[in-house]
Amino acid sequence: LAESWMGYSGPGCGILSLQVTDRHVWCLDFKGGLFCSPLPETGLRWQRFEDNVHQVALSPSGNLLWKVEQKTMTAFACAKVSVKGKRHWYKAAEQTAFVALSDDSAWIIRTNGDLYLQTGLSVERPCARSVKVDSPCVFSQVCVRGGVVWALSEHKALFYREGMNSYCCEGEGWKYDTVRYCSYFETS
C-alpha cells in the first residue's frame, strides 16, 4: 500500500465514475466520454476509448467490457478488449439502467426495474441470453465479487445473494442486510 495519496490529472470533463481492472484504470466523464489508462508506473496516460456512454462495466480481469449508450439505453458487450485497434460491439441488452460484471456473468437492471442475469460469458462470448431473476424490490445498483451479488434498492436498502457456483449461477436467494448510518456531527 502506498504511504500517501498521489494526485493525477483526470481526463475529459470531470470524472463521473472510476473503475480499475488488473491492467487498466477506466474513467467515464460527465459528457459520456470513456477513457482508459494503463495502471501507472510513472503516471497515467489517458486515451479516449468511446463516446456517448451512460455507464460502463468491467470484469475484474478486464476481459469483459460492457457499455450502456446514453440515448438508447442499450447495453453492448466488447469482444477482445484492447485499448488500441478496432473494437467489435455486440448488442447485449435493451432498456438497460445498470450493469455489473464478474469474470463470467452479467447482472443487468432494466429501465423498468427488472433484474436479469447472463452467464457463461468469456472473451469469445461476451454476452448471452438474459434470464430474469426474481428480486424483492426495485434495485438501482448491483455489484458482484467473490461469489456474492450485492444490490442497492432504490430506497437505499442493501441486499445480497450468496451461493453462486457453476451449478447454481444465480445463487440461493436474497437476504437483507441492515446498514447502520453514522453521523459525523454528534451533539453532546
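Which residue in E16 does Phe159 stand opposite?

1. **The opening pair.** Phe159 stands opposite Tyr176 in E16. This comes from a predicted model. Strand E15 covers residues 158-161, and four bridges join E15 to E16. The two strands run antiparallel.

2. **The sheet around that pair.** E15 and E16 belong to an open sheet of four strands. The order is E13-E14-E15-E16, with antiparallel pairing. E13 and strand E16 (174-177) stand at the edges. Each has a single partner strand, so one side of each is left without a neighbour in the sheet. From one strand to the next, the twist averages 25°.

3. Strand E13 takes in residues 139-145, and strand E14 takes in residues 148-153. They run antiparallel and are joined by six bridges. Val142 has Ala151 of E14 as its bridge partner. Two residues lie between E13 and E14 in the hairpin. Gly146 sits in the turn, with a positive phi of about 55°.

4. **Another open sheet.** Four strands, in the order E5-E6-E7-E8, form an open sheet with antiparallel pairing. Its edge strands are strand E5 (53-58) and strand E8 (88-93), and each pairs on one side only. Neighbouring strands here are turned by 30° against each other on average, direction ignored. Look next at E5 and strand E6 (residues 65-69). They pair in the antiparallel sense over five bridges.

5. **Salt bridges: the network.** The structure holds five salt bridges. Glu50, Lys67 and Arg87 are linked in a network of them. Within it, Glu50 forms a salt bridge with Lys67, and the closest N and O atoms are 3.0 Å apart. Glu50 lies in strand E4 (residues 47-50) and Lys67 in strand E6, so the pair ties together parts that are 17 residues apart in sequence. Are these two residues buried or exposed? Glu50 counts as buried, because its relative accessibility is 16% and buried means under 20%. Lys67 counts as buried too, at 6% relative accessibility.

6. **Salt bridges: other pairs.** Arg48 forms a salt bridge with Asp51. Their closest N and O atoms are 2.3 Å apart. Arg48 is partly exposed, with a relative accessible area of 48%. Asp51 is also partly exposed, at 39%. A further salt bridge brings together the side chains of Glu94 and Lys91, at 2.7 Å from N to O. Glu94 is partly exposed, with a relative accessible area of 45%.

7. **Cysteines.** How many disulfides does the structure hold? The count is zero. Cys27 is in no disulfide. Its nearest cysteine sulfur, that of Cys36, is 9.6 Å away. Cys27 counts as buried, at 3% relative accessibility. Cys13, at 38% relative accessibility, counts as partly exposed.

8. **A nonpolar patch.** Which residues make the nonpolar surface patch of about 340 Å²? They are Ile15, Leu18, Val20 and Leu39. Val20 is found in strand E1, which covers residues 15-20.

How values were computed:
Residues are numbered from 1 along each chain as its sequence is written. This is a predicted model: local features need pLDDT of at least 70, side-chain atom pairs count only at pLDDT 80 or more; totals for chains, interfaces and linings use all residues. Side-chain values use heavy atoms; hydrogens and water are left out. Two strands pair if DSSP finds at least two bridges between them. Axes are lines fitted to C-alpha atoms, for helices over the stretch in contact, and angles run from 0 to 180 degrees between N-to-C directions. Patches are made of residues with over 30% relative accessible area and no salt bridge: like charges are joined within 9 Å, nonpolar side chains (Val, Leu, Ile, Met, Phe, Trp, Tyr) within 5 Å. Accessible areas come from the Shrake-Rupley method with a 1.4 Å probe; for residues, only the protein chains shown count as cover. A salt bridge is a side-chain nitrogen of Lys or Arg within 4 Å of a carboxyl oxygen of Asp or Glu. A disulfide is a pair of cysteine sulfur atoms within 2.5 Å. Buried means under 20% relative accessible area, exposed over 50%, partly exposed in between (1.4 Å probe, protein chains only).
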